[in-house]
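Please keep the model open as you read.

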Amino acid sequence: MSNERHLLVFGGTGLVGSNVCKTALKEGWKVTSISRRGAPEEGTEAHSLEGVDWKSCDATNARAVLLLMREIKPTAIVHCIGVLFDSESWLASLNPYMSGCSSKPDPKKGTYENIIKNTAMSAFHAVALLNRSELPFVFVSVSEVGWLTGDLGILGTIVGKLTKAIPFLSEYLFRKREVEDAMLYGIGVPEICKRRGNAARPIVMRPSLVMTDTAARHCWPLLFSLSPVNDGPVHAKDLSKSILRLIDDPSQRGIFRRRAIRELAART
C-alpha cells in the first residue's frame, strides 16, 4: 500500500479551500480539489496554485461523490464548501465580492441546506460506505457569535433582536450544526452508514471570521471582527496549518475554536 498522503479538499477554489491546498502542497501532500466548476477562474487566489488536481463534481450528488472518492482514495478530507449568502437570502448578489472564488449560488440549488449540509453529508457518508476506518474528516464550521447566541449582555440582546429579523443568519448556523451533530454524534446518519461504524475521525473547525492579507475585498471581516460581537478573526494561513496539524495527529478529534487554531498553527 502506498504511503503517499493524499488530501481531498471539498471547495478548494474558495478562500479557505485554496489556502488549505496551498499549505498542503508546501508540506508535501498530493492534493485534489472538488468543486462545482473544477479549475479556478483567473484572478482568484486558487488560480495561481500549481500541483492541485482540480476536479468538477456536484458534491450534492452522493453517488457521484462516492464514485470519485473510490477512485481518488484520499488519506484525509477537508470540507470547506460554503457560501456567505445563499440563494434564498436577499444578499445573494454580494457573494462574488465576498467569495474567494467569485462564485454565485445557483438560483435553485444554492441554499444553505444544499451547499453546506448536503455536500458535507455526501462526503461523510461516502467515508462510511467505503469503510475507511479513522479517515481524518475536517469540517470547516463557524463559531457562535453574539448576534446569534445573545451571550453578550445588553449589546448581545440588542444585536440578537435585530438579527432575528434576518432568518438566513440563523439558517446558516443551523446547517453548520446539523453537519457537526452527524459527524460527532451520528444524528441523522443513515442506518447503512451506522452499520459500517464511525469510519471517519471527525474534526470540526470553528473560526469566526477568516481573513487573508492578499485579497482586499476580504478586509471588511477584519474590521467587523474588532467589534465585541464575535471572537475575533483567524488568518486563513493559520486555519490551514492547524487543520494539517490535526490531521497528522491521530489522537485529535472534536471541536477546535480560535485559540486552539492559533496554538496549533504556531507549532513547528
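At roughly what angle do the axes of helix α10 and helix α11 cross? The axes of α10 (residues 236–248) and α11 (residues 258–266) cross at roughly 75° and come within 8 Å. Here axes are lines fitted to C-alpha atoms, for helices over the stretch in contact, with angles running from 0 to 180 degrees between N-to-C directions. The two helices are therefore roughly perpendicular to each other, a label used for angles of 65 to 115 degrees. From α10, the residues that make the contact are D238, L239, K241, S242, R245 and L246, and from α11 they are I261, L264 and A265; contact means heavy atoms within 4.5 Å. By class, five of these residues are nonpolar, one is polar and three are charged. In this scheme Ala, Val, Leu, Ile, Met, Phe, Trp, Tyr, Cys and Pro count as nonpolar, Asp, Glu, Lys and Arg as charged, and the others, Gly among them, as polar.

A word on what you are viewing: this is a predicted model, in which local features need pLDDT of at least 70 and side-chain atom pairs count only at pLDDT 80 or more, while totals for chains, interfaces and linings use all residues. Residues are numbered from 1 along each chain as its sequence is written, and side-chain values use heavy atoms, leaving out hydrogens and water.

Stepping back, the chain has eleven helices and nine strands, taken as DSSP runs (helices H or I, at least four residues; strands E, at least two) and numbered from the N terminus. Of its 268 residues, 53% count as buried, meaning under 20% relative accessible area with a 1.4 Å probe, protein chains only, whereas exposed means over 50% and partly exposed lies in between.

Now look inside. The largest nonpolar core has 36 residues, and F10, V65, M69, I77, V127 and F137 touch the most other members. Such a core is a set of buried Ala, Val, Leu, Ile, Met, Phe, Trp, Tyr and Cys residues joined through side-chain atoms within 4.5 Å. Its largest share, ten residues, comes from α4. Beyond its neighbours within four places in sequence, V65 is in contact with F10, C57, D58, A59, S122, A123 and A126. A second, separate core of 30 residues includes V31, A76, C80 and V138.

Finally, visit K73, in the loop between α2 and β4 (76–79). Its phi is near 55°, a positive value in a residue other than glycine. K73 counts as exposed, because its relative accessibility is 54%.

Key
Angles under 35 degrees count as roughly parallel, over 145 as roughly antiparallel, 65 to 115 as roughly perpendicular and the rest as oblique.
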